[in-house]
Amino acid sequence: MLFRSANASNQVAALKELYTGDDYMKDLVYKKNPFLALVPKNEAPGGFAGKYIPVPLVYGTPQGRSATFTNAQNNQTAPALSSFFVYRVSNYQLVTITNELLEATKDDAGAFVDEAKLNMDTGFRNISNDLALDLFQDGSGYRGQIASITSGVIVLSSAQDVVNFEVGMSLVSYSLSGSTYTQSTSAAIGYVIAVNRSAGTVTVSTSAGGSAGTPTNWSTSFPLLGVQGDVAFGAISATTSYLKVSGLGAWIPSTAPAAGDAYWGVDRSKDVTRLAGVRFDGSSESIEEALIDGAALVAREGGMPDYCFMNFTSYAALEKSLGAKVQYVDVKHEEADIAFAGIRVHAPYGPITVIPDRNCPPQTAYLLQLDTWKFRSLGKAPHILTYGLEGLEGLRVGAADALEIRIGYYGNLICSAPGWNCVVQLSA
């Protein structure tokens with residue numbers, strides 16, 4: 001319901017009404033992001049209460065069994081138990097609405113909503129796409145890698161990573177040695193002025209709104225790319241230093257953790273499968289064979305994967321290779337009125353639904369037992385942030401004639417049984 005006599009407060013309140021139900025989640029957040037839509041969630045106001053969430057995991061049964069009683073008695077051990085202490089992270093999207101718009105529509109809140117909705121919709125879409133990408137990443141803020149850069153034109157090492165970039169982004173370049181993240185130069189920001197999605201290139205400028213140019217020290221010596229403010233620089237010895245959601249790439253890394261690993265306080269090298277998931281190299285097999293063999297390894301560990309996510313290139317290759325054998329299936333979201341099309345593949349523990357997701361890294365598939373995952377957050381991710389007892393939705397901008405609306409979330413991804421999930425390297 002819109003207000004008959006509009007002012008700055010009720011104009012923003014009227015706009016907010018459009019983003020409090022499930023429709024905006026369906027249309028702006030979930031529609032093009034299947035894993036974000038389907039992963040189980042706890043988005044209650046207290047869904048991530050406290051400083052961290054403990055995730056206990058028994059990865060070894062107690063010993064003390066033998067056919068000989070004295071051996072059983074002498075060789076008793078306690079259950080092997082670890083607890084991941086997962087911290088939440090923050091993410092923000094700001095939308096600015098000029099005071100001129102407020103003044104021009106002060107007698108008609110409906111007109112204000114019509115004008116402001118475009119900015120709000122695109123803001124929600126931007127932060128939602130960022131979260132959807134993070135759910136497949138390792139928490140470091142990585143978006144792509146420089147293969148070469150000439151006069152500001154970046155050729156990405158993987159052309160498919162071009163989906164992670166948008167015009168207007170402010171990027172940093174950095175290197176990773178061991179656990180140390182080093183920025184090329186603290187003041188060297190690359191402002192994205194063009195994205196060629198067919199060629200897999202990104203063009204940057206050394207200044208906002210400037211012409212193409214290579215920022216200081218940007219080269220293959222500092223090949224990694226992230227958005228400014230997403231990457232924590234220095235010696236990162238603890239997961240709590242990461243600024244982004246720890247997604248599938250963190251919980252099920254493609255390389256087995258080595259001794260000294262400290263993932264949310266746990267050294268996963270003690271049992272890399274049960275604590276850090278299953279890894280299977282299926283790059284020498286067809287995609288269908290790789291998924292079946294990977295699922296067999298998970299089944300051996302007691303897992304029952306029911307979903308598989310891969311990018312569209314791999315999905316198309318699977319679809320073509322199956323030919324007349326392909327079985328299509330529609331997956332409906334339990335709450336939002338939305339469905340995703342997938343392919344059914346039969347595996348040792350039953351059928352697996354394969355769904356394409358543009359955020360999945362190339363030539364990579366994640367076989368997941370979905371009920372072992374949960375995204376926990378303080379309220380919906382994302383939502384309009386409010387402040388104080390008044391529930392303020394809009395804040396005056398100190399240095400501009402405008403009103404600022406803040407969208408964001410506080411949360412992280414949690415897995416209760418990493419060993420029942422698998423990352424598969426694919427041939428295409």
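Ile287, Glu288 and Leu291 of helix H9 meet Ser314, Ala317, Leu318 and Leu322 of helix H10. By class, this contact holds five nonpolar, one polar and one charged residues. The model is predicted.

**Helix pair H9 and H10**
- H9 spans residues 287-300, and H10 spans residues 312-322.
- The two axes come within 8 Å and cross at roughly 105°.
- H9 is therefore roughly perpendicular to H10, because crossing angles of 65 to 115 degrees fall in that class.

**Nonpolar cores**
- The largest nonpolar core has 63 residues.
- Phe35, Phe84, Trp251, Leu368, Trp373, Phe375 and Leu413 touch the most other members of that core.
- H6 supplies the largest share of this core, with eight residues.
- A second, separate core has 23 residues, including Ile287, Leu291, Leu322 and Ala347.
- Ile287 and Leu291 also belong to the H9 side of the helix contact, and Leu322 to the H10 side.
- Beyond its neighbours within four places in sequence, phenylalanine 35 is in contact with Leu135, Phe136, Leu248, Phe309, Asp357, Leu368 and Leu370.
- Leu368, one of these partners of phenylalanine 35, is itself among the residues that touch the most other core members.

**Aspartate 130**
- Aspartate 130 lies in helix H6, which runs over residues 109-134.
- Its relative accessible area is 10%. Aspartate 130 therefore counts as buried, because the cut-off is under 20%.
- A polar contact of 2.3 Å links the side chains of aspartate 130 and arginine 143.
- Setting aside neighbours within four places in sequence, aspartate 130 is in contact with Asn91, Arg143, Asp230 and Lys244.

**Serine 269**
- Serine 269 sits in the loop between helix H7 (248-251) and helix H8 (272-276).
- Its relative accessibility is 26%, so serine 269 counts as partly exposed. That class lies between the buried limit of 20% and the exposed limit of 50%.
- The side chains of serine 269 and aspartate 267 are joined by a polar contact of 2.6 Å.
- Apart from neighbours within four places in sequence, serine 269 is in contact with Pro257, Ala258, Ala259 and Gly260.
- Alanine 256 is 13 residues away from serine 269 along the chain, and their C-alpha atoms are separated by 7.7 Å.

How values were computed: Residues numbered from 1 in each chain as written. Predicted model: local features only at pLDDT ≥ 70, side-chain atom pairs only at ≥ 80, totals over all residues. Heavy atoms only, no water. Helix = DSSP H or I, 4+ residues; strand = E, 2+ residues; numbered from the N terminus. Buried < 20%, exposed > 50% of the residue type's maximum accessible area, 1.4 Å probe, protein only. Polar contact = N/O pair within 3.5 Å; in protein donor to acceptor, adjacent residues only side chain to side chain. Contact = heavy atoms within 4.5 Å. Axes fitted to C-alpha atoms, helices over the stretch in contact; angles between N-to-C directions. Parallel < 35°, antiparallel > 145°, perpendicular 65-115°, else oblique. Nonpolar A, V, L, I, M, F, W, Y, C, P; charged D, E, K, R; others polar. Core = buried A, V, L, I, M, F, W, Y, C linked by side-chain atoms within 4.5 Å.
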